[in-house]
Amino acid sequence: MANATRIGSRTLPPGQRKVEGFPRFGTHLHKPPPAVPDNPTLEIGGPALTAATTMPLTDLDALPRTQITADFHCVAGWSATDLSWEGVSFATFYREVLEPRVATGASVTHLVFRALDGYDCVVCIEDLLGEDVLLADLLDGRPLTGSHGAPLRLVSPGQYGFVNVKHLCAIEAHKQAPDENFGAASGLVRLAFRLPLFRRHPHARVWQEERHRYLSGRALRPVYRALTPSIRKLSARRAGRRPLR
Ligand SMILES: Nc1nc2c(c(=O)[nH]1)N[C@H]1C(S)=C(S)[C@@H](COP(=O)(O)O)O[C@H]1N2
Ligand SMILES: [Mo]
């Protein structure tokens, strides 16, 4: 699934429905997008690395760039089609930035992606090294807006939207599965994400319909779908447009 150029029918993964455009969506709900610092950075750290470091995002300019066109699938059941992303392939970033810092004898199993709005997500290393996974700073040729993750976001089209962390500010490398923090926007949302109903699937692959850690993705379709309109409404109300520069 490197590139969403489709041959034949325009299929969506099981249980997904196409939406028009690309809505702002997420556990940030009613909050406006976080402010982007003047000189944005990425904190690089975690127990698998020898030392933590702060990397200015401008350091990414030294790495080769990649462009993909892909559909975007939210676990709640909507899909936005034909989005064009540009940035640095995560595999390249891993090879050039993280791998040289891995402690001798340590092997990285999970990465934690943290965002300026407090959101985070744990992702297994094997799900991140495919050609279609990007640290993206451009959407349809323009710098990411506040709605879609300025200044930098993870894009992993083969995994549900919740893996695609917006507003990245830190990446941690771990030697074993870390605890999930559910760093969502508000106390209530944080509580909700601790409920069994929302336990994230560790791989969250869209074609396998891995919507949930324990429950069948298919069975959950109507539940998640029922929540979608209210989340969309809340998220849209405070959607901002804060470009990267
Ligand atoms: N920082 C941050 N990233 C996030 C979220 C969030 O609330 N905060 N929500 C996730 C969810 S559930 C989805 S579906 C996508 C939505 O991306 P979009 O708002 O660009 O459509 O962002 C994901 N990444
Ligand atoms: Mo989502």
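1. Where does P151 lie? In this predicted model, P151 is found in the loop between strand 9 (142–143) and strand 10 (153–155), where strands are DSSP runs of E with at least two residues, helices are runs of H or I with at least four, and both are numbered from the N terminus. The peptide bond that leads from A150 to P151 is cis, with omega near 5°.

2. A further backbone point concerns A204, whose phi is near 55°, a positive value in a residue other than glycine. A204 belongs to the loop between helix 2 (187–194) and helix 3 (217–237). Most residues other than glycine have a negative phi, and most peptide bonds are trans.

3. Around ligand 1 there are 22 residues, of which P23, D117, H148, R153 and K166 come nearest; a residue counts as near if one of its heavy atoms lies within 4 Å of the molecule. The shell divides into ten nonpolar, eight polar and four charged residues, with Asp, Glu, Lys and Arg counted as charged, Ala, Val, Leu, Ile, Met, Phe, Trp, Tyr, Cys and Pro as nonpolar, and the others, Gly among them, as polar.

4. An oxygen atom of ligand 1 is 2.5 Å from an N or O atom in the K166 side chain, while a polar side-chain atom of D117 lies 2.9 Å from a nitrogen atom of the ligand. Taken alone, ligand 1 exposes 530 Å², and the protein buries 97% of that (Shrake-Rupley method, 1.4 Å probe).

5. Eight salt bridges are found in the whole structure, each a side-chain nitrogen of Lys or Arg within 4 Å of a carboxyl oxygen of Asp or Glu. R65 pairs in this way with D137, the closest N and O atoms being 2.7 Å apart. This pair links distant parts of the chain, 72 residues apart: R65 is in the loop between strand 3 (53–56) and strand 4 (66–73), and D137 in strand 8 (residues 134–139).

6. Residues are numbered from 1 along each chain as its sequence is written, and chains are lettered from A and ligands numbered from 1 in the order in which they are written. Local features need pLDDT of at least 70 and side-chain atom pairs count only at pLDDT 80 or more, whereas totals for chains, interfaces and linings use all residues, and side-chain values use heavy atoms, with hydrogens and water left out.

Terms used. A polar contact is a pair of N or O atoms within 3.5 Å; within protein, one must be able to donate a hydrogen and the other to accept it, and residues adjacent in sequence count only if both atoms are side-chain atoms.
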